[in-house]
Amino acid sequence: MLKAEKDLSTEYEKRGDFVAEMVAGESLISDKNYTLDLEPYKGQFSGMKVLFLVPGFDIDVRYGSKISVDRGHIHPLGAGLLSTILKIAGCEVKLLDLPVEKMTDEDVLDYIEEFQPKFIAVSCWSPTAAKAFSLTNAIKAKTPDIPIVLGGPHPTSFPEVTLRKIKSVDIVV
């Protein structure tokens with residue numbers, strides 16, 4: 001067996017272990033130092049309403065295309081994980097993947113009025129930053145008392161600039 005084939009074989013074995021962990025729903029490695037114990041948080045925030053928003057981006061607007069293209073999609077893995085943790089803690093959580101739901105800003109504002117969340121978390125990647133910022137501006141204009149948390153790779157990379165320039169964002173994580 002060539003070295004490249006052996007390296008590839010080892011990589012496939014590692015991937016197989018990872019898939020097995022995901023299917024089992026538990027870590028199969030012996031080092032458990034990194035586990036997250038949620039037991040102390042169960043029920044701590046019972047009834048708190050939290051809304052996660054995952055804006056998309058319009059490819060033809062972003063790149064100046066003359067062809068109408070459906071919005072790009074970024075799977076909301078981080079927002080999904082945080083939603084699950086908050087649900088375990090007792091929160092009532094809603095996660096809206098806006099391009100999948102085909103929701104406009106007005107639809108989101110109507111949803112917020114109906115759901116009445118304690119705070120709103122908005123996912124923000126660099127390709128979705130412009131949409132996330134315009135959405136937070138619209139939300140803050142209509143509901144100034146609801147704190148808006150902006151999280152994801154873009155605000156993590158530029159936290160000070162984000163807070164300084166986007167006045168509708170209260171917290172960056």
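Trainee: What share of the contacts with a separation of 6 or more comes from residues 24 or more positions apart?
Mentor: It's 67% of them in this chain. Keep in mind that this is a predicted model.

Trainee: Noted. How many helices and strands does the chain have?
Mentor: Eight helices and five strands. Reading from the N terminus, the order is α-β-α-α-β-α-α-β-α-β-α-α-β.

Trainee: And what part of the chain is buried?
Mentor: Buried residues are 31% of the 173 residues.

Trainee: Let's look at a helix pair. How do α5 and α6 cross?
Mentor: Helix α5 covers residues 105-115 and helix α6 covers 129-142; their axes come within 10 Å and cross at roughly 45°. That angle makes α5 oblique to α6. The crossing of the two is right-handed.

Trainee: Which residues meet there?
Mentor: On the α5 side you have Asp-105, Glu-106, Val-108, Leu-109, Asp-110, Ile-112 and Glu-113. They meet Lys-131, Ser-134, Leu-135, Ala-138, Ile-139 and Lys-142 of α6. Sorted by class, that contact has six nonpolar, one polar and six charged residues.

Trainee: Staying with α6, is Thr-136 buried or exposed?
Mentor: Thr-136, which is in helix α6, counts as buried because its relative accessibility is 0%.

Trainee: What does Thr-136 touch, then?
Mentor: Skipping neighbours within four places in sequence, Thr-136 is in contact with Val-122, Ile-148, Ile-166, Ser-168 and Val-169.

Trainee: Which side chains make polar contacts with the side chain of Ser-168?
Mentor: Thr-136 is one of them, joined to Ser-168 side chain to side chain by a polar contact of 2.8 Å. The side chain of Asn-137 makes another polar contact with that of Ser-168, at 2.7 Å. If you leave out residues up to four places away in sequence, Ser-168 touches Phe-133, Thr-136, Asn-137, Lys-140 and Ile-148.

Trainee: OK, and Val-122 was on the Thr-136 list too. Which element holds Val-122?
Mentor: Strand β3. With 2% relative accessibility, Val-122 counts as buried.

Trainee: What's around Val-122?
Mentor: Beyond four places in sequence, the contacts of Val-122 are Leu-53, Pro-55, Ala-132, Thr-136, Ile-148, Val-149, Leu-150 and Gly-151. Take Ile-148 from that list: Val-122 and Ile-148 sit 26 residues apart in sequence, with 7.3 Å from C-alpha to C-alpha.

Trainee: Is Lys-102 buried or exposed?
Mentor: Exposed, because its relative accessibility is 55%.

Trainee: What about phi of Gln-116?
Mentor: Gln-116 isn't a glycine either, and its phi is positive, near 55°. That residue is in the loop between α5 and β3 (119-123).

Trainee: Now another loop residue. Where is Asp-145?
Mentor: Between α6 and β4 (148-151), in the loop there. Asp-145 counts as exposed, given a relative accessibility of 75%.

Trainee: How far is Asp-145 from Lys-118?
Mentor: Their C-alpha atoms are separated by 9.3 Å, while Asp-145 and Lys-118 are 27 residues apart along the chain.

Trainee: Last one: where does Glu-160 lie?
Mentor: In helix α8, residues 159-165. Glu-160 is exposed because its relative accessible area is 56%. Its C-alpha is 8.7 Å from that of Val-172, which is 12 residues away along the chain.

Trainee: Great, I'll go and find these in the viewer.

Terms used. Residues are numbered from 1 along each chain as its sequence is written. This is a predicted model: local features need pLDDT of at least 70, side-chain atom pairs count only at pLDDT 80 or more; totals for chains, interfaces and linings use all residues. Side-chain values use heavy atoms; hydrogens and water are left out. Axes are lines fitted to C-alpha atoms, for helices over the stretch in contact, and angles run from 0 to 180 degrees between N-to-C directions. Helices (H or I, at least four residues) and strands (E, at least two) are DSSP runs, numbered from the N terminus. Angles under 35 degrees count as roughly parallel, over 145 as roughly antiparallel, 65 to 115 as roughly perpendicular and the rest as oblique. A crossing is left-handed if the near helix is turned anticlockwise from the far one by less than a right angle, and right-handed if clockwise. Contact means heavy atoms within 4.5 Å. Ala, Val, Leu, Ile, Met, Phe, Trp, Tyr, Cys and Pro count as nonpolar, Asp, Glu, Lys and Arg as charged, and the others, Gly among them, as polar. Buried means under 20% relative accessible area, exposed over 50%, partly exposed in between (1.4 Å probe, protein chains only). A polar contact is a pair of N or O atoms within 3.5 Å; within protein, one must be able to donate a hydrogen and the other to accept it, and residues adjacent in sequence count only if both atoms are side-chain atoms.
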